[in-house]
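Trainee: I would like to learn how to read features off a model. Can we take them one at a time?

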Amino acid sequence: MSTVSFADLNLAPEILKALTESGYVTPTPVQAQAIPVVLEGRDLMAGAQTGTGKTAAFVLPILQKLLPLSSASASPARHPVRALVLVPTRELAIQVEESVKAYAKHTRLRSLVVFGGVDIRTQTPHLKTGVEILVATPGRLLDHVEQKTVQLNQVQVLVLDEADRMLDMGFMPDLKRILALLPKQRQSLMFSATFSNEIKKLSADFLVAPQLIEVARSNATAENVTQKVYLVEQADKHALLAQLLRGSDATQVLVFTKTKLTTGRLARQLQRDGFAADAIHGDKSQLERIQALDAFKQGKVTVLIGTDVAARGLDIDQLPMVINYEIPSAPEDYVHRIGRTGRAGASGIAISLVSPEEEKYLKEIEKLIKHEIQKENAVVQHQSARPARAPRGEHSERSHTPRPAAPKKPGHDAWFDKPYEPSASAFSNTAQPVEQVSEKPKKQVAALLVRRQG
Ligand code: AMP
């Protein structure tokens, strides 16, 4: 059995050191495939969803290629933008650049993230000092181009990350404008969760003889995510959600709704129920969104409610549970939503609350993912009045106490030790009852009981 190691991938010691410090032991399949291709200098079209380790798959070889060009000089002229990473959302931009910083920390290479929704003047001085790796959302990058605060004529590598999402969000005209500003002689890498015809056309337009790699079939749902549907009347969803949250030991739960209105209302209801809940959606200011995400990451907020805007790029290690309060009408969004859990080989649970009106959407989803999701009629325990304290239900002792997040484990998982497989058998039905997969640590509960009784 031959398993590729990071050392086999011809990465410099300073990069390997950062990987060890990040807790990475073995490359993920997309890393094992993409890194040699990028190091060779070839264009790449990679079908890989978020959660597969795709960020490191392009960042690591880019760092390796740029290392000989790194400079100790303070002069901005010695630090031109050499790698440009375009991403669709601010959240993803922040997360990608955090990864660049982590992997580049023992090198002299500089990185920066620029995105819209914040004062452009705060970004300009940093750009002017010179950065080799720039992560940007397309609109804000063009603002900087117009203000002449960035030069792109030395870009050697271009990455289009979540290219399908960029097309969905209407970034095609911006992308075309940006591409026209880049040197013709360059390497281009494209990452996309899906291979639609539009994506194929984009790759034909922008990539030259790309090497194609695909690590999870398009629209595949992660095998390590247990999916479950509760059939429930719309009016009973709030009570059921509160019940599920009380009965779960998940320390971070991401709840999806369809509209901003529901997001805000549900967050307030759950706060009244005693949960440390918050909302994130496109109408919130950039600062509010970052604060909500940070609080969620740190475990101060245990239930984060969002629309699909939050779905992409939200990178949280080991997010244990995703709940669809309302299922999306576009089945692809379901795949993206539940892709927030079960990342990088960890197991996750995705629960959907489906009302009779939504069953038609559920059918579409099942058609797309090519298997039936386990269903159960919800038994909703109604509470006569709004509970000020825990009800005496079966999980009552765990209610109303926002739990701190479990300490993060290093990002290693036995999944990474599996030998590389060219195409994951993505459609096997691994659904098991939630109760069987969620091995509940009893310690926390006991501690809470003691506190309540004492
Ligand atoms: P991505 O698909 O790039 O968003 O990565 C998903 C998660 O996997 C991130 O939290 C990474 O830190 C983590 N990760 C990436 N590569 C590895 C690896 N080789 N070993 C362990 N964790 C990894």
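Mentor: Start with A209, which counts as exposed because 6 C-beta neighbours lie inside 10 Å. The general rule: a residue is buried if 20 or more other C-beta atoms lie within 10 Å of its own, exposed if 12 or fewer, and partly exposed in between, with C-beta atoms placed from the backbone. This is a predicted model, where local features need pLDDT of at least 70, side-chain atom pairs count only at pLDDT 80 or more, and totals for chains, interfaces and linings use all residues. Residues are numbered from 1 along each chain as its sequence is written.

Trainee: Where does A209 lie?

Mentor: A209 sits in the loop between α9 and β7 (211-214). Helices (H or I, at least four residues) and strands (E, at least two) are DSSP runs, numbered from the N terminus. A209 is not a glycine, yet its phi is positive, about 40°. K148 also has a positive phi without being a glycine, about 60°. K148 is in the loop between α6 (138-146) and β5 (157-160). It counts as exposed, with 7 C-beta neighbours inside 10 Å.

Trainee: Which residues are buried in helix α9?

Mentor: In α9 (residues 197-206), they are I199, L202 and S203. Seen down the axis, they fall within an arc of 95°, so they line one face of the helix. That arc is taken over the directions from the helix axis to the C-beta atoms. The face turned away from the buried side carries the exposed residues N197, K200, K201, A204 and D205.

Trainee: What do the buried residues of α9 pack against?

Mentor: They pack against β1 (44-47), α7 (163-168) and β6 (187-192). Two residues are in contact if their C-beta atoms, placed from the backbone, lie within 7 Å.

Trainee: How many residues of helix α10 are buried?

Mentor: In α10 (residues 237-246), 8 of 10 are buried, so the helix is mostly covered. Among them are K237, L240 and R246. The cover includes β8 (225-231), β9 (253-256) and α11 (260-272).

Trainee: What share of the whole chain is buried?

Mentor: Buried residues make up 44% of the 454 residues in the protein chain. The chain has 16 helices and 14 strands. Of the contacts with a separation of 6 or more, 79% come from residues 24 or more positions apart.
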